[in-house]
Amino acid sequence: TLIGNPSGFDFSFVSNAAKVVGYLKDESGNPITNRGVSIMKQNDNSNFFRSVVTDDSGFYEIGLTASELWDGTFHLQSYYYENTDSDMVGEARIHGIHSGDSIHRNLVAYHVNSTIQGQVLVNGIPGGESFTIGGFVIDTAFTFTISDSATGNFILPVTNKLYNYQVSPINRPGTDGYFWSSVDAHPGQTGIIINITHIGSSPKFSINLSATNGTVTKNPNQVN
């Protein structure tokens with residue numbers, strides 16, 4: 001309890017200039033309550049991050065002040081608890097938020113019921129280090145797992161309610177020279193091979209995805 005009018009405190013109120021609202025539900029339409037929903041700026045150095053918690057109906061509302069508005073892309077996502085082994089992350093991309101905007105975006109956190117399995121090779125050799133492997137359905141959902149440091153094997157938890165996943169490593173081990181590109185994969189596929197070429201300070205990559213149900217190959221000279 002503050003008594004009187006103490007100095008050193010700023011009690012000024014900054015009103016919101018725009019807001020993002022919506023509902024977080026599972027794929028059956030059931031509300032997901034008391035779950036965090038966050039928004040951040042993509043490819044921006046401001047470290048902007050705002051989060052709220054859904055109510056009993058799965059509703060969320062995030063307000064932004066005038067100084068937080070941006071013409072670039074915002075990344076909106078549901079919260080995950082340490083991993084996505086049970087539920088995927090619901091996500092959406094918002095291309096610019098401006099003064100007076102009231103943007104409605106519903107998010108779906110799909111239950112995991114399938115996997116995509118494969119192996120990471122660095123310069124043709126399995127293992128040696130762990131990579132975070134992500135599976136993206138852009139503007140819809142996200143999932144991830146950690147490859148085994150000894151074998152390079154990974155099992156990516158996914159839902160078969162969504163078909164096309166962009167699979168790729170999403171972390172760099174801390175040394176220049178690791179580059180990759182996402183490749184397409186589908187629920188139930190096994191035998192996926194992600195080849196990463198590490199050549200020191202001159203980064204290139206060579207990634208192909210070969211699976212029991214088909215082969216997808218990326219141009220090794222293409223950098224995305």
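A pocket here is an open set of points on a 1 Å grid over the protein atoms alone, where a 1.4 Å probe fits, with protein on both sides within 12 Å along at least five of seven lines. Volume is the space filled by probe spheres set on the points, which are joined across faces, edges and corners. As a predicted model, it is read for local features at pLDDT of at least 70 and for side-chain atom pairs at pLDDT 80 or more, while totals for chains, interfaces and linings use all residues. Residues are numbered from 1 along each chain, and side-chain values use heavy atoms, without hydrogens and water.

Lining residues have an atom within 4 Å of a point. For the largest pocket they include Met40, His75, Arg93, Phe136 and Ile170. The second largest pocket has a volume of about 160 Å³.

Strands are DSSP runs (E, at least two residues), numbered from the N terminus. In strand 11 (residues 132-137), six of six residues are buried, meaning under 20% relative accessible area (1.4 Å probe, protein chains only). Thr132, Gly134 and Phe136 point one way, and Ile133, Gly135 and Val137 the other.

Strands pair if DSSP finds at least two bridges between them. Strand 11 runs antiparallel to strand 12 (residues 141-146), with six bridges. Thr132 is partnered there by Ile146. Four bridges join strand 11 to strand 14, also antiparallel. Ile133 is partnered by Pro169 in strand 14.

Key
Buried < 20%, exposed > 50% of the residue type's maximum accessible area, 1.4 Å probe, protein only.
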